[in-house]
Amino acid sequence: MPESLGIVMVGCGGIARSHAFALTKVENARLIASVDVDEAAAIRFRDRFGFETYSTDLDEVLARDDVDAVIITTSSKSHGPLILKSLEAGKHVLVQKPMTASVEESREALALAERKGLKLMVSFFELFLPPVERAREIIEAGLIGDPFLFKAIMAWHTPDVTSGWRFNPALAGGGVILDGNVHHVANALYLLGDPKIESVYAEYAALTADIEVEDTAVILIRTDKAILEISGSNRLQEPGGATTAFKDTWQVFGTKGTIQWDSAARPTFRVFTSEESAMDPLLANGWVSPKLPVMAADHREFSMHINGEESPWVPEHQHFVDACLNDTPVRSDGHFGLKTQLILDAAYRSGSEGRKLTLEQAQEAR
Ligand SMILES: NC(=O)c1ccc[n+]([C@@H]2O[C@H](COP(=O)([O-])OP(=O)(O)OC[C@H]3O[C@@H](n4cnc5c(N)ncnc54)[C@H](O)[C@@H]3O)[C@@H](O)[C@H]2O)c1
């Protein structure tokens, strides 16, 4: 077994900083090359994070035998082709959400990863938040009974909707559904233990600006376990945090209790349970804030709105690197990514047809 994983990062923009920072803290990661079509961006990353080299040509870098894995952090519509290219070259892949911009591309990527025996992981950083892990344990232990409602919103303010790839459907593949709601679809699937999806209904539109992709969306998902209400907007107006306003919060309601997480609240994570066996006698009949592991100060990556103590980036990258080196499962693999993609695709189709759909109906006549 090799002692370290040789890694290439393609896409040296905004979110890639969090990935690259995390890699500098993962001892068995070797930062081989930063790649971007924008040469200055690739050079900046090499210099800032200590990649051994940089390139504007991914093919040239993929030809290297000491490159084991590719982290894809480019604009969303390019994910599919870049995943395929990297897998074809025999490299493991960690790709930013959304996995791709279409169900067909996700299916193709999953099939290729399986055929090649390579890891394909979709980066849903929230799955590595300590409160998400703790919430899953609490739900699995039955401490909030049977979950019946998952309710979430991710919203932020983008002041300039006239420039950048996010508002260009040819580069983004969609709007806030692919950019924001996708996170909470993943959270819900993970927290509720991969529920069966019975139907999807969505309303979405560009409501606040003259743009070609949706700025606001609500998705209602009926599962065999709970109803999910997942909202998003990139035009929120609220007092700003460290950068601009950012709201990220979810709640799980169960027959015996409730879990809630709010990135801006302190504490972020609160639980109520009426399960007597779990009650602290001093705190019974009220909210409790379970103790969570605290991320070391020098391992905290600034990520827009997340409480630094809960910073998930180093654990996510350690998980990916270890999985590639030891051939262990990844938390959000190609199957997981495909399921999120099927739900998002059904949401788009539901909204355009004005009716709720099963995942199968959404795929018919595609
Ligand atoms: N998990 C999160 O919280 C989070 C946050 C922001 C963005 N994202 C996702 O990360 C991805 C990147 O978003 P961003 O905000 O960092 O974008 P960005 O525009 O800041 O950076 C993208 C970079 O990719 C480069 N690029 C584009 N196509 C390329 C290609 N084919 N080959 C090489 N380089 C290419 C661009 O030149 C740019 O430097 C998107 O898919 C987005 O959905 C996730």
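Modeller: A nonpolar core is a set of buried Ala, Val, Leu, Ile, Met, Phe, Trp, Tyr and Cys residues joined through C-beta atoms within 7 Å. Keep in mind throughout that this model is predicted.

Colleague: Which residues touch the most other members of the largest nonpolar core?

Modeller: That core has 103 residues, and those touching the most other members are I7, V8, M9, V93, I177, V200 and A347. Among the elements, α8 gives the most to the core, with nine residues.

Colleague: How far apart are the C-alpha centres of domain 1 and domain 2?

Modeller: The two C-alpha centres are 26 Å apart. The contact takes 10 residues from domain 1 and 12 residues from domain 2. On the side of domain 1 that touches domain 2, four residues are nonpolar, three are polar and three are charged.

Colleague: Which strands pair with β4, and over how many bridges?

Modeller: Strand β1 (residues 5–10) is joined to β4 by four bridges and runs parallel to it. V10 of that pair stands opposite I72 in β4. β4 also pairs with β5 in the parallel sense, again over four bridges, and here A69 stands opposite H92 in β5.

Colleague: Are the faces of strand β4 covered or open?

Modeller: Both faces of β4 (residues 69–72) are covered. A69 and I71 are buried on one side, and V70 and I72 are buried on the other.

Colleague: What is V8 in contact with, leaving aside its neighbours within four places in sequence?

Modeller: V8 is in contact with I32, A33, V35, V61, V67 and V70. V70 is one of the buried residues of β4.

Colleague: And L94: is that residue buried or exposed?

Modeller: L94 lies in strand β5. The cut-off for burial is 20 or more other C-beta atoms within 10 Å; L94 has 28, so L94 is buried. Apart from neighbours within four places in sequence, L94 is in contact with A69, I71, M121, S123 and F320. L94 and V122 show how sequence and space can be read together: they are 28 residues apart in sequence and 5.7 Å apart in space, C-alpha to C-alpha.

Colleague: In what order do the seven strands of the open sheet run?

Modeller: The order is β8-β9-β10-β7-β11-β12-β13, with mixed pairing. The edges are β8 (197–205) and β13 (269–273), each of which pairs on one side only. Direction ignored, neighbouring strands of this sheet are turned by 5° against each other on average.

Colleague: How does strand β12 join β13?

Modeller: Strand β12 (residues 257–262) and β13 run antiparallel and are joined by five bridges. Within the pair, I259 stands opposite V271 in β13.

Colleague: Which strands does helix α8 lie across?

Modeller: Helix α8 (residues 176–191) lies across β7 (147–156), β8, β9 (216–223), β10 (227–233) and β11 (246–254). The helix runs at about 150° to β10.

Colleague: Now the backbone details. Where are the cis peptide bonds?

Modeller: P98 is in the loop between β5 (92–96) and α5 (103–116). Another joins R266 and P267, where omega is about -5°. P267 lies in the loop between β12 and β13.

Colleague: What is phi at D194 and at D327?

Modeller: D194 has a positive phi of about 55° although it is not a glycine. D327 likewise is not a glycine and has a positive phi of about 55°. D194 is in the loop between α8 and β8, while D327 is in the loop between α9 (313–326) and α10 (334–353).

Terms used
Residues are numbered from 1 along each chain as its sequence is written. This is a predicted model: local features need pLDDT of at least 70, side-chain atom pairs count only at pLDDT 80 or more; totals for chains, interfaces and linings use all residues. Two strands pair if DSSP finds at least two bridges between them. Helices (H or I, at least four residues) and strands (E, at least two) are DSSP runs, numbered from the N terminus. Axes are lines fitted to C-alpha atoms, for helices over the stretch in contact, and angles run from 0 to 180 degrees between N-to-C directions. Two residues are in contact if their C-beta atoms, placed from the backbone, lie within 7 Å. A residue is buried if 20 or more other C-beta atoms lie within 10 Å of its own, exposed if 12 or fewer, and partly exposed in between; C-beta atoms are placed from the backbone. Domain bounds come from an automatic or database domain assignment. Ala, Val, Leu, Ile, Met, Phe, Trp, Tyr, Cys and Pro count as nonpolar, Asp, Glu, Lys and Arg as charged, and the others, Gly among them, as polar.
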